[in-house]
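Here is a short briefing for a first look at this structure.

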Amino acid sequence: AFDVLVIGGGPAGAAASIYSARKGIRTGIAAQRFGGQVLDTMSIENFISVTETEGPKLVRAMEEHVREYDIDVMNLQTASRLVPATEQGGLHTVEFESGASLKAKTVILSTGARWREMNVPGEQEYRTRGVAYCPHCDGPLYKGKDVAVIGGGNSGVEAAIDLAGLVKHVTLLEFADTLRADEVLQKKLKSLPNVTVIKSAMTTEVVGDGSKVTGLIYQDRNTEESHTVNLDGIFVQIGLLPNTEWLKDSVALSKHGEIEIDARCATNIPGVFAAGDVTTVPYKQIVIAMGEGSKASLSAFDHIIRS
Ligand code: FAD
């Protein structure tokens with residue numbers, strides 16, 4: 001059995017496995033796709049100490065770092081169930097879609113999250129060429145330009161306020177006839193001169209010139225008329241979905257489906273820890289996920305020496 005079994009091979013999982021292996025304990029990492037969301041990222045400019053890099057390049061470096069250690073790397077393995085130990089100090093079991101199962105004294109869950117997409121024509125084609133999901137990451141690329149934010153919940157309104165300080169103009173489109181964001185955020189949004197809010201708007205298409213986004217088309221849900229907005233970027237903020245479908249029966253989740261953790265990355269199950277985008281940790285970023293993975297690993301080690 002493993003001392004530490006990490007599920008998920010993004011920045012959180014990679015950091016967790018390296019920190020564990022450095023304690024000289026038996027470490028394994030199983031991932032559906034090593035690299036996680038970072039593989040889908042073009043340019044990264046906020047990974048501190050690296051001025052600029054590309055996702056696949058950072059993933060290669062992460063994998064090289066993991067392979068420096070005696071870590072059992074099991075790529076292309078999808079976990080399907082966690083069976084917690086039945087007695088204190090017992091082994092936890094993780095089952096995989098392949099039919100295999102692994103046992104471990106401690107488990108670190110780091111299966112990440114995925115952005116909810118609009119599923120309209122042009123969205124996939126122009127992904128990373130004008131269609132963006134992370135204002136903290138890509139906001140500065142649109143300095144002085146016109147952008148849209150899709151979604152009027154807290155993340156959409158926060159993104160619009162954030163972007164309004166960087167870009168020329170922000171158009172916020174909300175599907176419903178009211179914004180769902182907190183009142184204080186809505187007030188702040190209304191005070192900004194370079195933001196337009198359009199409600200009852202259903203985005204139907206992302207428009208581009210073949211190489212980048214030039215606008216979007218939305219339908220006014222009251223009149224059913226279609227309108228075109230010319231712009232350079234579209235930030236989709238309609239939800240971040242944690243990859244916890246497989247954990248519904250085993251671990252305590254928040255109402256958004258995130259794994260609930262404490263300041264030490266402990267879940268409600270002794271010996272099971274969680275880190276990164278899959279958890280309730282605020283702000284989902286690479287440096288944060290790596291820090292959380294390291295923290296979860298140190299907590300797992302602490303758990304092992306005490307039991
Ligand atoms: P993830 O990266 O999501 O990794 C999850 C891992 O778990 C993957 O290996 C996945 O295959 C695996 N997994 C999922 N389900 C299972 C399962 N059932 N069984 C086994 N394995 C499973 N952040 C920045 O800091 N800067 C940026 O510039 C930036 N740009 C971004 C651009 C895009 C397009 C996207 C999508 C995200 C961007 N982010 C950026 C956010 C950043 O990528 C995430 O915060 C970070 O990757 C989270 O790391 P993680 O390890 O928690 O999860």
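The model is a predicted one.

- Domain 1 is made of two stretches of the chain, 2-114 and 240-306.
- Domain 2 covers 117-236.
- The centres of domain 1 and domain 2, taken over C-alpha atoms, are separated by 32 Å.

**Where they meet**
- Five residues of domain 1 touch five residues of domain 2, counted as contacts.
- Interface size is often stated as the accessible area that is lost when the parts come together.
- For domain 1 and domain 2, the area buried between them is about 460 Å².
- Carbon and sulfur atoms account for 52% of that buried area.

**A three-stranded sheet**
- Three strands form an open sheet in the order β14-β15-β16.
- Their pairing is antiparallel.
- The edges are β14 (201-208) and β16 (226-230), and each of these strands pairs on one side only.
- From one strand to the next, the twist averages 25 degrees.

**Inside the β14-β15 pair**
- Strands of a sheet pair through backbone hydrogen bonds, in parallel or antiparallel fashion.
- β14 and β15 (residues 213-220) run antiparallel and are joined by seven bridges.
- Which residue in β15 is the bridge partner of valine 206? The partner is leucine 216.

Note on methods. Residues are numbered from 1 along each chain as its sequence is written. This is a predicted model: local features need pLDDT of at least 70, side-chain atom pairs count only at pLDDT 80 or more; totals for chains, interfaces and linings use all residues. Side-chain values use heavy atoms; hydrogens and water are left out. Two strands pair if DSSP finds at least two bridges between them. Helices (H or I, at least four residues) and strands (E, at least two) are DSSP runs, numbered from the N terminus. Axes are lines fitted to C-alpha atoms, for helices over the stretch in contact, and angles run from 0 to 180 degrees between N-to-C directions. Domain bounds come from an automatic or database domain assignment. Contact means heavy atoms within 4.5 Å. Buried area is the accessible area (1.4 Å probe) that two parts lose on being put together, summed over both.
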